[in-house]
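Work through the exercises below with the sequence and the model side by side. Try each task before reading its solution.

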Amino acid sequence: MTGLQRILASTTQIKDARKIMNDQVQDMLGLSPTPGGTGWQVDIGQLIKFILAQMKREGADVDAVLRKCGGKLEFRITYDGAEVGGHPGLIAYVVPMNLGHSVESAKAAYPVLFTRCKENNANLKAEMGDLVKAIEETRDGGGVDFGGEKLRVDWWQSMDLASFWKQSGLTFNCNAGYC
């Protein structure tokens with residue numbers, strides 16, 4: 001086998017390994033197309049379990065954290081318009097609020113949805129429908145099962161003013177040209 005053949009063989013092996021890992025992550029987080037078909041979303045319940053499992057892997061005493069928060073998890077959901085691959089899009093993140101994460105840190109923001117569509121009310125309703133249902137299910141009594149325990153989930157929501165204005169339909173006499 002020549003040097004080039006070994007490189008090509010190892011490149012193929014790397015691609016194969018990457019595909020296997022991507023498939024495993026897709027299964028673990030419940031990655032699926034958004035209802036409107038312009039992006040991808042993560043299953044909220046699976047993501048919460050992943051966050052708790054990751055904390056455990058990193059050495060956190062998750063049981064102590066859960067006792068401290070009384071078995072009630074708090075998460076902030078936030079979204080913003082952004083360019084996705086050079087096209088207008090939406091990106092939504094979940095941030096754990098009471099699990100010991102630094103909530104200001106980008107490391108605490110877990111992406112749950114990204115789409116390629118303009119940020120307007122019709123697209124928000126079309127693309128975020130499953131995400132809204134999953135939040136309602138976890139918030140309104142469904143909670144999340146983790147380690148044999150049913151954890152309650154409360155949600156906070158935040159968005160920038162431009163998103164708020166688009167959602168609320170409010171208009172103002174003047175506007176700063178930035179967000």
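**Exercise 1.** List the buried residues of helix H2, and describe the span and the ends of the helix.

*Solution.* The model is a predicted one.
- Step 1: The residues of H2 that are buried are Ile 44, Gly 45, Leu 47, Ile 48, Ile 51, Leu 52 and Met 55.
- Step 2: H2 covers residues 44-57, which is 14 residues. From first C-alpha to last it reaches 20 Å, close to the 20 Å expected at 1.5 Å a residue.
- Step 3: Just after H2, Gly 59 has a positive phi of about 95°.

**Exercise 2.** Is Val 42 buried or exposed, and which residues does Val 42 contact beyond its neighbours within four places in sequence?

*Solution.* 
- Step 1: Val 42 sits in the loop between strand S2 (39-41) and H2.
- Step 2: The cut-off for buried is under 20% relative accessible area. Val 42 has 12% relative accessibility, so Val 42 counts as buried.
- Step 3: With those neighbours set aside, Val 42 contacts Leu 29, Gly 30, Leu 31, Leu 47, Pro 111 and Val 112.
- Step 4: For Gly 30, 12 residues away along the chain, the C-alpha atom is 5.5 Å from that of Val 42.

**Exercise 3.** Which residues touch the most other members of the largest nonpolar core?

*Solution.* 
- Step 1: This core has 33 residues, and those touching the most other members are Ile 48, Leu 52, Leu 73, Phe 75, Val 112, Leu 131 and Trp 155.
- Step 2: Elements that each supply at least two residues of the core include H2, helix H3 (62-68), strand S4 (87-96) and helix H5 (129-142).
- Step 3: H2 gives the largest share, 6 residues.
- Step 4: Leaving out residues up to four places away in sequence, Leu 131 touches Gln 41, Ile 44, Ile 77, Ala 92, Val 112 and Leu 113.

**Exercise 4.** How many aromatic pairs are there when ring centres must lie within 6.5 Å?

*Solution.* 
- Step 1: The count is 1 aromatic pair.
- Step 2: The ring centres of Phe 75 and Trp 155 are 5.6 Å apart and the planes are at 35°, so this pair is tilted.
- Step 3: Phe 75 belongs to strand S3 (residues 72-84) and Trp 155 to strand S7 (residues 149-159), so the pair ties together parts 80 residues apart in sequence.
- Step 4: Both Phe 75 and Trp 155 are buried.

Definitions and conventions:
Residues numbered from 1 in each chain as written. Predicted model: local features only at pLDDT ≥ 70, side-chain atom pairs only at ≥ 80, totals over all residues. Heavy atoms only, no water. Phe/Tyr/Trp six-rings, centres within 6.5 Å; stacked < 30°, edge-to-face > 60°. Helix = DSSP H or I, 4+ residues; strand = E, 2+ residues; numbered from the N terminus. Buried < 20%, exposed > 50% of the residue type's maximum accessible area, 1.4 Å probe, protein only. Expected span 1.5 Å × (residues − 1). Contact = heavy atoms within 4.5 Å. Core = buried A, V, L, I, M, F, W, Y, C linked by side-chain atoms within 4.5 Å.
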